[in-house]
Amino acid sequence: MTEGMRLSSPRYWLASFALLLAGFATFAGLYDVQPLLPVFAHEFAIAPATASLALSASTVALAVALFAAGSISESLGRKLPIVGSLVISAAITFACAWVTNFPMLLALRLLEGIAISGVPAIAMAYISEEVAPEALGFSMGLYVSGTALGGMSGRFLVGYISDAHGWRVALMAVAVLGIACALAVGALMPNSRRFVRQPQSLRGHVAAYAAHVSDPGLPWLYVTSFIIMGAFVAIYNYLGFRLAAAPFGLDQTQIGAIFIVYLVGVAASAIMGRLADRYGRRNVLWISEAIFAAGAFVTLAGNVPMIVAGMAILTFGFFGAHSVASSWVGRRATSNRAHATALYLFAYYLGSSVVGSLGGVAFGAFGWPGTVGTALALLAVALTIAIVVLRVVAPAEPPAASLG
């Protein structure tokens, strides 16, 4: 079999840039509605927790559809499903700009989640297959950096344009950006050299998923994925409601500008991914989670500069933890990697949907301290898994090694 791409290979950087763009477009389209949740609540006369369904509908659909996307890619390959997903999801984003009621918006966002599912699991499988082991953490970190940059750009762009021209024009702008990225990915992404086509059978898929679930280490990474994404989305979902209300009274442009702290996540993904290659994934994972928790606590402050600082800290911690955990799954799973990453991302987006909505219930009952308290309680569980459980279920991990 062809040798995996190394840092010195031009194909490595071409693939990394293409996947960075894929991650960018995916998360720009997925999270573009997040700064608009207060706008939806006002325009459609709905509660904050109901408005958050505009995001949760996509993430829960994405979580479920990942199983089909990962399985299909084992026969169709990696590149074609990724490019197709980018084109279809951009078209649905454009359609969202023309809805006349909230149920219609939810239906389209549900379809968008299904369309987007062709990117995350397949992109992670592509990286795990095509990249040499010693460069895997850095490559996965670059891909996650693209998702961070896309999440930031989508939110900031929508916040800025919606203030000037309305939320419908803002969503159309994101759709145009998505099409441009899809064309670039199609032109730049190298075809797979190490992909091995797998026969399609229900029994084979079930066996592949069962093998990953019965692994002593992978399920704990899936639980970690559920927790860190859920806590992260819960905080970001309701930050806009807090800052739009007294005593802050920020407008949509100002709230959208806060998402610039996602640039910290871009750096964190690459930095922590590289450190995990050198010093071990478990060590970097729990440190990232601790940084996440510290940042969440800082957001309890009563002034905007401290809140922004806390968001920057927790964003660094989240993206560091995500890049480490996701690359660990790729190293741990030695076969049927699309199935393994589909399970990881199922937990990831399920956490976004479930805890994202749970954070709204806590926000309605106890205000911002309720949302932050929910996130901190979950992160305490994640820290316990990283520090205690993964030490027990995994053998001693040398630098640049994985769970097994």
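Q: What kind of model is this?
A: The model is predicted.

Q: Why are helix 1 and helix 9 called roughly antiparallel?
A: The axes of helix 1 (residues 10-30) and helix 9 (residues 167-188) cross at roughly 160°. Angles over 145 degrees count as roughly antiparallel, and helix 1 and helix 9 are therefore placed in that class. Their axes come within 9 Å, and the crossing of helix 1 with helix 9 is left-handed.

Q: Which residues make the contact of helix 1 with helix 9?
A: On the side of helix 1 they are Leu14, Phe17, Ala18, Leu21, Ala22, Phe24, Ala25, Ala28 and Gly29. Helix 9 contributes Val174, Leu177, Gly178, Cys181, Ala184, Val185 and Leu188. Contact here requires heavy atoms within 4.5 Å.

Q: What makes helix 15 roughly antiparallel to helix 16?
A: The packing angle of helix 15 and helix 16 is about 150°, with the axes 9 Å apart. The cut-off for roughly antiparallel is over 145 degrees, and that makes the description apply to helix 15 and helix 16. Their crossing is right-handed.

Q: Which residues of helix 15 and helix 16 meet?
A: Phe318, His322, Ala325, Ser326, Val329 and Gly330 of helix 15 meet Arg337, Ala340, Thr341, Tyr344 and Tyr348 of helix 16. The classes represented in the contact of helix 15 with helix 16 are 6 nonpolar, 4 polar and 1 charged residues. Arg counts as charged, and Arg337 of helix 16 is part of this contact.

Q: At what angle do helix 11 and helix 16 pack?
A: Helix 11 (residues 218-244) and helix 16 (residues 337-366) pack at about 35°, with axes 6 Å apart. Helix 11 passes helix 16 in a right-handed crossing. The contact of helix 11 with helix 16 contains 19 nonpolar, 9 polar and 1 charged residues.

Q: How many cavities of 30 Å³ or more does the structure hold, and what space lies in the largest?
A: The structure holds 3 such cavities. The largest cavity has about 100 Å³ of space. It is lined by 14 residues, of which Ala25, Gly29, Ser89, Ala90 and Gly178 are the closest to its centre.

Q: Which helices each supply at least two residues of the lining of the largest cavity?
A: They are helix 1, helix 5 (79-96), helix 6 (102-116) and helix 9. Helix 1 gives the largest share, 5 residues. By class, this lining has 8 nonpolar, 5 polar and 1 charged residues.

Q: Which residues line the second largest cavity?
A: This cavity has a volume of about 50 Å³, and its lining consists of Phe27, Tyr31, Arg155, Met229, Phe232, Val233, Tyr262, Phe318, Phe319 and Tyr348. Two or more of these residues come from each of helix 11 and helix 15 (304-332), with helix 11 giving the largest share, 3 residues.

Q: How do the residues of the lining of the second largest cavity divide by class?
A: There are 9 nonpolar residues, no polar residue and 1 charged residue. Arg counts as charged, and Arg155 belongs to this lining.

Q: What kind of peptide bond joins alanine 246 and proline 247?
A: The bond is cis, with omega about 5°. Proline 247 is in the loop between helix 11 and helix 12 (252-257).

Q: What is the phi of alanine 45?
A: Phi is near 55°, a positive value in a residue other than glycine. Alanine 45 lies in the loop between helix 2 (37-43) and helix 3 (48-51).

Methods
Residues numbered from 1 in each chain as written. Predicted model: local features only at pLDDT ≥ 70, side-chain atom pairs only at ≥ 80, totals over all residues. Heavy atoms only, no water. Axes fitted to C-alpha atoms, helices over the stretch in contact; angles between N-to-C directions. Helix = DSSP H or I, 4+ residues; strand = E, 2+ residues; numbered from the N terminus. Left-handed = near helix turned anticlockwise from the far one by under 90°. Parallel < 35°, antiparallel > 145°, perpendicular 65-115°, else oblique. 1 Å grid on protein atoms, 1.4 Å probe; cavity = no way out; pocket = protein on both sides within 12 Å on 5 of 7 lines; lining within 4 Å. Points joined across faces, edges and corners; volume = space filled by probe spheres on them.
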